[in-house]
Amino acid sequence: MKAVYPGSFDPITLGHVDIVRRALKIVDEVVVLVTENPKKSYLFSLDERKRMVEEALRGIEGVTVESYRGLLVDYLKMKGIRLLIRGMRAVTDFEYEIQMALANKKLFPELETVFLISEERFSFLSSSLVKEVAFYGGDVSGWVPPNVVEALKEKLRRECDEDKGEGQR
Ligand code: COA
């Protein structure tokens, strides 16, 4: 059975990787779908996020990585996939996740959403937290894959250079 694990992945964290690995214990194939929440603004572009996810998950059998802009259920219908995986970090995720699962189900009645509870050591993690700590020069290597540590350094260095350039103009 094939399932889609959708998210913004701005950037992917070890918490996401944990969900992918655990999802593979219950399905044969997981499509990690890098997509967009229209309410969010992103540090990394859709392509950059997809490339980071690909690199972070390279070598894990049964995983494919795709990106998509649009309604999630349209992607699922187009691909004929009826199973969604979502991670649940804490009770605080519950309301938002239920709302999304019910909305998706309304739009695509054959769809089922399976929630996997995040491992406790990752339950506090979020991409925003990672970005904030990295922004102030903190060590995020225990929270994200090595390629993401590098991508964050590079991105933040570039943004800093651009800001300096603007300041000189
Ligand atoms: N470990 C660590 N962090 C985790 C995590 C885990 N296991 N699971 C979730 N998170 C964090 C993410 O890092 C993210 O942190 P941030 O808010 O600081 O960026 C947060 O939890 C939520 O992330 P995500 O699961 O990616 O949800 P999202 O709200 O960014 O995006 C989409 C959800 C993209 C799946 C949703 O908006 C979508 O389906 N978009 C397509 C358009 C659509 O169909 N909309 C209608 C939906 S009903």
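**Ground rules.** I count residues from 1 along each chain as its sequence is written. Because the model is predicted, I use local features only at pLDDT of at least 70 and side-chain atom pairs only at pLDDT 80 or more, while totals for chains, interfaces and linings use all residues, and side-chain values use heavy atoms, without hydrogens and water.

**Ligand shell.** I looked up which residues surround the ligand and found 25, a residue being near if one of its heavy atoms lies within 4 Å. The closest are Ser8, Lys40, Tyr96, Ser127 and Ser128. I sorted the shell into eight nonpolar, 13 polar and four charged residues; Asp, Glu, Lys and Arg count as charged, Ala, Val, Leu, Ile, Met, Phe, Trp, Tyr, Cys and Pro as nonpolar, and the others, Gly among them, as polar. Helix 4 gives the largest share of the shell, four residues.

**Backbone atoms at the ligand.** I noted a backbone N or O atom of leucine 72 at 2.8 Å from a ligand oxygen. For glycine 15, a backbone N or O atom lies 3.3 Å from a ligand nitrogen. A polar backbone atom of leucine 125 is also 3.3 Å from a nitrogen atom of the ligand.

**Salt bridges.** I searched the whole structure and got 14 salt bridges, each a side-chain nitrogen of Lys or Arg within 4 Å of a carboxyl oxygen of Asp or Glu. In one of them, arginine 49 pairs with glutamate 36, with the closest N and O atoms 2.3 Å apart. Arginine 49 is in helix 2 and glutamate 36 in the loop between strand 2 and helix 2, so the pair ties together parts 13 residues apart in sequence.

Terms used:
Polar contact = N/O pair within 3.5 Å; in protein donor to acceptor, adjacent residues only side chain to side chain. Helix = DSSP H or I, 4+ residues; strand = E, 2+ residues; numbered from the N terminus.
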